[in-house]
Amino acid sequence: MDRRMFIRVSTVGSILTTMSVSAAQKKLPVTPTETEGPFYPLVAQADKDFDLTQVAGKTGTAKGQHIFVQGKVVDTLGNPVPNVTVDLWQANAAGRYHHPHDENTAPVDENFQSWAIVSTNSGGLFNLKTVFPGAYPVSDHWARPPHIHFKITKKGYIEVITQMYFPDHPLNKIDNLIQRKTAEEQKQMIAKQTANQADTYDYTIVIEKA
């Protein structure tokens with residue numbers, strides 16, 4: 001190989017190496033954190049499964065629009081993370097938490113489970129059946145948009161506490177919490193409605209190794 005060809009091959013190799021390093025260094029941003037809020041469950045309950053629309057031992061079903069959340073937990077390289085503990089809680093369809101500190105005058109729904117602890121499968125997936133959470137007042141000038149709280153934990157990873165919001169809800173635009181986030185962070189925190197399935201939402205949570 002002559003000197004000119006050697007230089008050309010070396011230059012191409014350097015470019016490819018730089019591209020490979022850049023690709024390797026490009027990571028997914030971790031899902032933005034958010035306040036746990038005042039209504040994390042205080043008392044353990046026996047029924048913590050993925051279906052919040054029914055409570056074990058009761059015959060009724062939760063009021064409101066029943067929806068499905070197709071969740072996925074991945075690391076910053078996009079790899080699915082199995083066996084993650086997904087701890088979640090939310091208000092019922094009327095905007096009331098089943099919590100002793102919630103002073104909202106909306107009614108408690110005794111047929112709504114309100115809290116679940118599930119695990120991701122080998123593909124980092126979890127599925128949730130719940131109700132579309134109601135908005136609720138924080139003050140005379142502020143109402144929280146519908147959202148679901150998530151606490152994501154696994155040994156060897158940094159815990160993420162966040163809130164999942166719903167697409168195109170008008171209260172998103174004036175909410176004091178989500179509006180503190182950048183446009184890109186908001187995009188990460190707002191679920192995507194599944195095509196041709198109005199009652200189903202996709203939501204991906206990105207966690208980082210400790």
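**Pocket and salt bridges in a predicted model**

The largest pocket holds about 320 Å³ of space. A pocket here is an open set of points on a 1 Å grid over the protein atoms alone, where a 1.4 Å probe fits, with protein on both sides within 12 Å along at least five of seven lines; a volume is the space filled by probe spheres set on the points, which are joined across faces, edges and corners. The structure is a predicted model, in which local features need pLDDT of at least 70 and side-chain atom pairs count only at pLDDT 80 or more, while totals for chains, interfaces and linings use all residues. Residues are numbered from 1 along each chain as its sequence is written, and side-chain values use heavy atoms, with hydrogens and water left out.

Confidence comes first. The protein chain has a mean pLDDT (the predictor's confidence in each residue, from 0 to 100) of 90, and 88% of its residues reach 70 or more. Over residues 9–23, however, pLDDT stays under 50, and the model has one contact beyond four places in sequence for them; a contact means heavy atoms within 4.5 Å. Where pLDDT is low, the predicted coordinates should not be read in detail.

Back at the largest pocket, 19 residues form the lining, and Val43, Gln45, His98, Gln113 and Ser114 lie nearest its centre. Lining residues have an atom within 4 Å of a point. By class, ten of them are nonpolar, six polar and three charged. Nonpolar covers Ala, Val, Leu, Ile, Met, Phe, Trp, Tyr, Cys and Pro, charged covers Asp, Glu, Lys and Arg, and the others, Gly among them, are polar.

Five salt bridges are present in the structure, each being a side-chain nitrogen of Lys or Arg within 4 Å of a carboxyl oxygen of Asp or Glu. In one of them, the closest N and O atoms of Lys181 and Glu34 are 4.0 Å apart. Lys181 lies in the loop between β8 (160–165) and α2 (183–189) and Glu34 in the loop between α1 (3–25) and β1 (66–75), so this pair ties together parts 147 residues apart in sequence. Helices (H or I, at least four residues) and strands (E, at least two) are DSSP runs, numbered from the N terminus. Lys181 counts as buried at 18% relative accessibility, and Glu34 is buried at 13%; buried means under 20% relative accessible area, exposed over 50%, and partly exposed in between (1.4 Å probe, protein chains only).

Lys151 also pairs with Glu36, at 3.1 Å between the closest N and O atoms.
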